[in-house]
Amino acid sequence: MGLAVPHLLTLFLFFSLICFSPILADSDFEGFEDADDIDEDLDSSLPLTTTRPSQTLLTATATSQPEPVPDPSDPVPDSEPASSTTDSPKPSSTSFEYWDEDEFEGLPQDQPQQPPLTVTENATPSPDSDLKPSTDPKQPAEGSSRSYTVEIACGGFLIVFIINYFTGKRMNENLALAWAAKFATKDTIFDKNFSLLGVGEGEGDDSPLLLKEGQNVFKFYASGRRCCQGLLATMELKSRHDLISSIFNLVVPISRDEISFEVYMNDDAMDHVVFAVAKKKAAKAMQKEVPDLQKFTTIVSPPTGRKWVADDLAVISESKEVAGDLITEAVLDQVFGEKAFQKFGKGFMYMHFSDQHPGPTHKKMLLFKYALPDANSMADMTRLVALIPYYIDLIGRYKLSSQCRPDPKQKQPDQRLLKRHTKNSKTLGKKLCKERRQRGKN
């Protein structure tokens with residue numbers, strides 16, 4: 001038994017060497033390493049589980065293409081650094097240099113996926129990139145989506161309004177100056193009939209002839225003549241400086257350039273006269289609306305046996321005698337006759353003389369109102385302007401006859417009788433009402 005134990009140990013060692021010798025020999029073959037090293041390399045370089053590739057954003061400054069996941073079959077050199085934009089683990093330095101594809105079949109391989117690109121609003125594609133954003137030619141650009149029609153219209157209206165303002169203002173000034181140059185300068189009608197023109201104190205004063213009270217209102221004053229205290233002319237022109245009024249006047253031409261004259265007569269130079277001449281349509285309106293004409297006058301019918309005003313005109317007076325005295329032959333030949341009115345009376349509107357004028361300051365006044373012609377045609381109203389000094393002298397000399405004057409001795413109705421009659425009528429009316437109420441109750 002003592003010799004058998006050593007022999008058994010010898011045999012056991014011999015069989016052990018024979019069994020493990022192939023394994024030791026195989027570990028020295030090329031392309032294989034220890035099992036621990038292989039497991040460590042597999043864990044570090046080749047992920048067996050699928051991982052989501054990181055997404056890259058295309059920003060306004062630069063764009064970058066995502067690097068595809070390397071194929072396990074391709075060797076990776078030790079000198080190539082890993083990408084800094086991905087969060088995947090770095091491959092080990094000991095890559096699969098001795099990889100045998102036939103030995104490990106059936107291993108899952110990750111296919112590189114194209115990450116989705118999200119384009120920001122201010123993104124600019126890289127010149128190296130082949131990606132082109134899809135554009136629809138039918139859709140308008142984002143910058144031109146807003147409409148500026150309202151802003152353009154408002155700006156254009158403002159420009160036209162400013163141009164029209166200065167242009168219309170200049171036209172009104174030229175029209176007023178043209179009238180003043182024709183009738184209020186040296187050796188003209190007003191210069192020959194009035195000693196003081198304008199608001200100055202004398203001939204040496206450089207004050208202007210016209211006073212501008214608005215862009216379309218101008219006034220002229222003259223004084224220094226017998227029978228009257230003075231004359232005030234007011235020009236009311238079209239509102240050419242106002243674009244809205246100009247457009248409205250083109251559509252509905254109701255306004256025109258007008259001039260009115262107010263002559264303030266002396267109290268002792270004008271007798272009791274209420275008289276007017278106007279076109280027929282305006283004469284009817286004046287006779288109904290003007291207080292003194294409504295109270296004292298009527299429309300005078302044309303007299304027989306003498307010349308009278310044109311058919312377009314109507315005379316309003318308190319008597320035919322006053323109308324015949326104020327419509328003279330000279331006036332008919334110059335302005336109010338049939339032929340003269342067609343030629344020289346186009347701008348005539350009305351004239352109104354009254355010693356009972358409803359104004360607060362002056363009671364005895366002569367009123368003339370004409371339509372102004374163009375600046376180049378001021379000579380057409382020369383005869384109309386000449387009527388003003390003519391009628392100042394005529395009214396200043398005119399005296400009513402005894403037949404036209406009211407008789408101061410004429411008996412007036414007794415006011416006491418009128419009051420008594422009114423009181424009796426009211427008392428009788430109350431009695432009748434009471435009787436009717438009693439009958440109704442019964």
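Colleague: What does Thr234 touch?
Modeller: Not counting residues up to four places away in sequence, Thr234 touches Val217, Phe218, Lys219, Glu258, Ile259 and Ser260; contact means heavy atoms within 4.5 Å. Keep in mind that this is a predicted model, where local features need pLDDT of at least 70, side-chain atom pairs count only at pLDDT 80 or more, and totals for chains, interfaces and linings use all residues. Residues are numbered from 1 along each chain as its sequence is written, and side-chain values use heavy atoms, with hydrogens and water left out.
Colleague: Is Thr234 buried or exposed?
Modeller: Thr234 is buried, with a relative accessible area of 12% (buried is under 20%, exposed over 50%, partly exposed in between, using a 1.4 Å probe and protein chains only).
Colleague: And which strand is Thr234 in?
Modeller: Thr234 sits in strand 4, residues 228-236 (strands are DSSP runs of E, at least two residues, and helices are runs of H or I, at least four, numbered from the N terminus).
Colleague: Switching topic: at what angle do helix 3 and helix 5 pack?
Modeller: About 85°, with their axes 9 Å apart (axes are lines fitted to C-alpha atoms, for helices over the stretch in contact, and angles run from 0 to 180 degrees between N-to-C directions).
Colleague: Which residues meet there?
Modeller: From helix 3, Phe157, Val160, Phe161 and Asn164 meet Leu243, Ile244 and Ser246 of helix 5.
Colleague: Last one: where does helix 11 bend?
Modeller: At Tyr390, by about 25° (the angle between axes fitted to the seven residues ending there and the seven starting there). Among the buried residues of helix 11 are Pro389 and Tyr391.
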